[in-house]
Amino acid sequence: MNKIDKMISTIESEVTYTRQMTGRDKLNPRVVDAMRRVPRNLFVPDDLKPFAFDNGPLPIGHNQTISQPYIVALMTDLLEPDENDIVLEIGTGSGYQTAILSLLVKKVYTMEVIKELNGEARERLKQNYYQNIEAKNANGYEGWPEHAPYDGIIVTAAAPFIPQTLIEQLKPGGHLVIPIGLPYCHQELMRVDKDEQGNIQTNSILGVSFVPMVDAQGGSEQNKESTENQ
Ligand code: SAH
């Protein structure tokens with residue numbers, strides 16, 4: 001079994017193992033296919049490449065991490081991506097989750113608060129021909145109002161509460177997938193569903209551990225310049 005097959009098989013076992021909590025015993029085959037097609041080794045630092053297909057998070061510099069493949073797969077599945085969707089991602093990090101989304105939806109807007117990570121991810125995605133992505137260095141608490149509303153919003157850092165701005169930027173029928181909780185405390189992966197009438201329903205999916213979503217004052221110097229990555 002090659003490394004990617006092994007990673008997929010580990011993800012599928014973990015999905016089965018956690019089915020009582022997540023309410024999902026299988027991932028959408030489109031999501032599995034995207035996980036198979038994006039080489040995770042492209043998104044981790046050189047010295048960690050031997051561990052790129054292990055089912056664990058890895059450091060990517062600036063005290064941040066690339067998430068565990070099982071969590072990336074689960075969060076992508078919870079988003080219920082459709083090929084015509086326009087999606088907002090908050091917490092670009094390495095760009096791994098962004099690359100997976102780009103294979104599943106029409107357009108991905110992604111925001112990263114750390115300027116260097118935004119620059120590196122943008123370059124990496126471009127060099128590896130991931131298209132239909134626009135990435136900017138900005139604070140995700142504001143969302144990206146110019147392109148709202150979104151069919152789905154995915155946040156890959158833990159927020160202390162569900163940001164109202166993001167709920168407002170979600171389309172009726174859309175899903176917001178976000179870890180909620182304080183750093184080093186219990187965090188809960190949540191899915192917020194907005195129905196066609198605009199009513200909100202919030203479901204708790206699974207206990208998780210994410211780096212914190214920093215607030216408006218917590219980010220590094222910001223560069224709002226935005227470049228189409230096509
Ligand atoms: N999805 C990423 C995970 C990166 S970790 C990957 O696959 O690699 C979470 C990222 O969220 C970090 O890069 C962190 O800098 C970023 N982040 C934290 N708070 C943020 C905020 N308010 N707005 C945008 N990005 C934020």
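In the predicted model, the protein exposes about 10700 Å² of surface, of which carbon and sulfur atoms supply 49%. Of its 230 residues, 51% count as buried.

The overall dimensions were examined next. Along the principal axes, the C-alpha trace spans about 45 × 40 × 35 Å. A compact globule of 230 residues would have a radius of gyration near 17 Å, and the value for the protein, 16 Å, agrees with this expectation. The secondary structure consists of 7 helices and 10 strands. Among the contacts with a sequence separation of 6 or more, 57% are accounted for by residues 24 or more positions apart.

Lys107 lies in strand 4, which covers residues 107-112. Because its relative accessible area is 11%, under the 20% cut-off, Lys107 is classed as buried. The C-alpha atoms of Lys107 and Ile86 are 4.9 Å apart in space, although the two residues are separated by 21 residues in sequence. Asn118 belongs to helix 6, formed by residues 115-127. With a relative accessible area of 4%, Asn118 is also under the 20% cut-off and therefore buried. When neighbours within four places in sequence are left aside, Asn118 is in contact with Glu112, Ala135, Lys136 and Asn137.

Several features of the backbone were also noted. Most residues other than glycine have a negative phi, and most peptide bonds are trans. The peptide bond from Ala148 to Pro149, by contrast, is cis, with omega near 5°. Pro149 is placed in the loop between strand 5 (133-137) and strand 6 (150-155).

Positive phi values occur at two tyrosines, Tyr129 and Tyr184. For Tyr129, phi is near 65°, and this residue is found in the loop between helix 6 and strand 5. Tyr129 has a relative accessible area of 68%, which is over 50%, so this residue counts as exposed. For Tyr184, phi is near 60°; its position is in the loop between strand 7 (170-181) and strand 8 (187-194). The relative accessibility of Tyr184 is 86%, likewise over the 50% cut-off, and Tyr184 is therefore exposed.

How values were computed. Residues are numbered from 1 along each chain as its sequence is written. This is a predicted model: local features need pLDDT of at least 70, side-chain atom pairs count only at pLDDT 80 or more; totals for chains, interfaces and linings use all residues. Side-chain values use heavy atoms; hydrogens and water are left out. Helices (H or I, at least four residues) and strands (E, at least two) are DSSP runs, numbered from the N terminus. The radius of gyration is taken over C-alpha atoms; the globule rule is 2.2 Å times the number of residues to the power 0.38. Buried means under 20% relative accessible area, exposed over 50%, partly exposed in between (1.4 Å probe, protein chains only). Contact means heavy atoms within 4.5 Å. Accessible areas come from the Shrake-Rupley method with a 1.4 Å probe; for residues, only the protein chains shown count as cover.
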